[in-house]
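The following paragraphs lead through a structure step by step, starting from a metal site and moving on to the strands and helices. Please keep the sequence and the coordinates at hand while reading.

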Amino acid sequence: MDPLPPFPDDVPTHPLLVIDHALVKAGDKAEVERLWAAATTLGFWYADGATGLKNHGTDDEVRGMFEMGAETMALPLEEKMLHEQGDDGNSFGYRMAAATAIDAAGTPGSAEFINVAKDDALGAWPERARHSYPHTVDARMESTVRPFVEKTLAVNMTILDVFNEKLGLPEGTLARQHPTDEFSQCEARVICSPPAAAGSRAIGPHTDFGSLSVLHNRLGGLQVFVPGAQEWQYVKPVPGYAICNIGDALTIFSGGLLRSSLHRVITPPGMQGMHTRFSLVFFTRPANCVVLRSLEDLSPAIADAVATSSDPSKYKPGVTAFEWFTRRVKNQRLKNRKGSETWIASRGTEHTEHVMVAAPMGVALKAARL
Ligand SMILES: O=C(O)CCC(=O)C(=O)O
Ligand SMILES: [Fe+2]
């Protein structure tokens, strides 16, 4: 692979706390407090050795996943399209560029995705559980995708147990919402965006749909919208560290204590923008049948948070994790677009002030009620 230029020194970035996963796993109280601080403010942090493998630029599974992504994206479009996700709210398989909107006006995004279901990676492969994949994925399912998914899931289950305790939930509550052996929308994703004009958007503003995301970035381009800030800010990729963030499902379970924040992907800054951008994510999501609701009956801290929220209904969407996810994916597909209401119907838990900046005027207030 060509050497990639460094993230420019003169571009402002938003700092994130660095959390040492080994310390968290060992129950180090100070490190757990720092993780809790990150998770309850912006909901983003750098994870030192997040897959249990330091230096993600060189560790076997992460490198193998990036290679699998590059091999897959290099296939002829007709071959990739045999495994396309379709328009019904499924996200497993290949997603062509420009299939989804990045804003309320229906602007198409420029990123291609290959998403592999946890249920295929950990299931009775080569029997397919959820979807079909190009041969470049199949060839690495057991050697690369499975260990990548297993290791990342193990990290995320430890973090869920830590949150469980901090939220004062009965032992194992969050773990039971994320059973590995039940079907869920958990998936590993490689994203590819071509070089583009400075500032153009590859992935529109969104909150993540599930519980926990672990992201491996080599080029910049990821930006966060910090509550109360006036503008989007870059998060700098740091070699050897993954970027972890909270998704909507944990925000809902915790009555808003855990924060799922808006982020997006634009052209990497400076010389980096001249390179194709690959990124790798693993999303841990609740089992399909889990009802998304704040768990105030199980935790006084969550009950307090819901009681003092300006909009407690936001934490009771009254749908399962599968329904929440499918609604969001389906309404992002441009084939399903009727107007800005389709974009609004794809939204998650974001707060009013975020949406005001992220969406054109006029749809902001409606979106804020979702
Ligand atoms: O590629 C990135 O840096 C972020 C991707 C992302 O936010 C997502 O796939 O949900
Ligand atoms: Fe995301």
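Along the sequence, the residues that donate to the iron ion (ligand 2) follow the spacing H-x1-D-x54-H. In this predicted model, the donors are H206 through NE2, D208 through OD and H263 through NE2, and they coordinate the iron ion (ligand 2) at 2.1 Å. Are H206 and D208 buried or exposed? With buried taken as under 20% relative accessible area, H206 counts as buried because its relative accessibility is 11%, and D208 likewise counts as buried because its value is 5%.

Turning to the strands, the model contains an open sheet of eight strands with mixed pairing, whose order is β1-β2-β10-β7-β12-β5-β4-β3. Its edges are formed by β1 (18-20) and β3 (93-95), each of which pairs on one side only. On average, and with direction ignored, neighbouring strands of this sheet are turned by 25° against each other.

One pairing within this order can be followed in detail: strand β2, residues 44-48, runs antiparallel to strand β10, residues 241-246, and five bridges join the two. Within this pair, F44 stands opposite N245 in β10.

Two helices pack on the sheet and can be described through the strands that they touch. Helix α2 (residues 29-39) is in contact with β1, β2 and β10, and its direction makes about 140° with that of β1. Helix α3 (residues 60-73), in turn, touches β3, β4 (112-117), β5 (187-193), β7 (212-217) and β12 (277-284), while its direction makes about 120° with that of β12.

Technical notes:
Residues are numbered from 1 along each chain as its sequence is written. Chains are lettered from A and ligands numbered from 1 in the order in which they are written. This is a predicted model: local features need pLDDT of at least 70, side-chain atom pairs count only at pLDDT 80 or more; totals for chains, interfaces and linings use all residues. Side-chain values use heavy atoms; hydrogens and water are left out. Two strands pair if DSSP finds at least two bridges between them. Helices (H or I, at least four residues) and strands (E, at least two) are DSSP runs, numbered from the N terminus. Axes are lines fitted to C-alpha atoms, for helices over the stretch in contact, and angles run from 0 to 180 degrees between N-to-C directions. Contact means heavy atoms within 4.5 Å. Donors are N, O and S atoms within 2.8 Å of the metal (3.2 Å for Na, K and Ca); water is not among the atoms, so sites may look incomplete. Buried means under 20% relative accessible area, exposed over 50%, partly exposed in between (1.4 Å probe, protein chains only).
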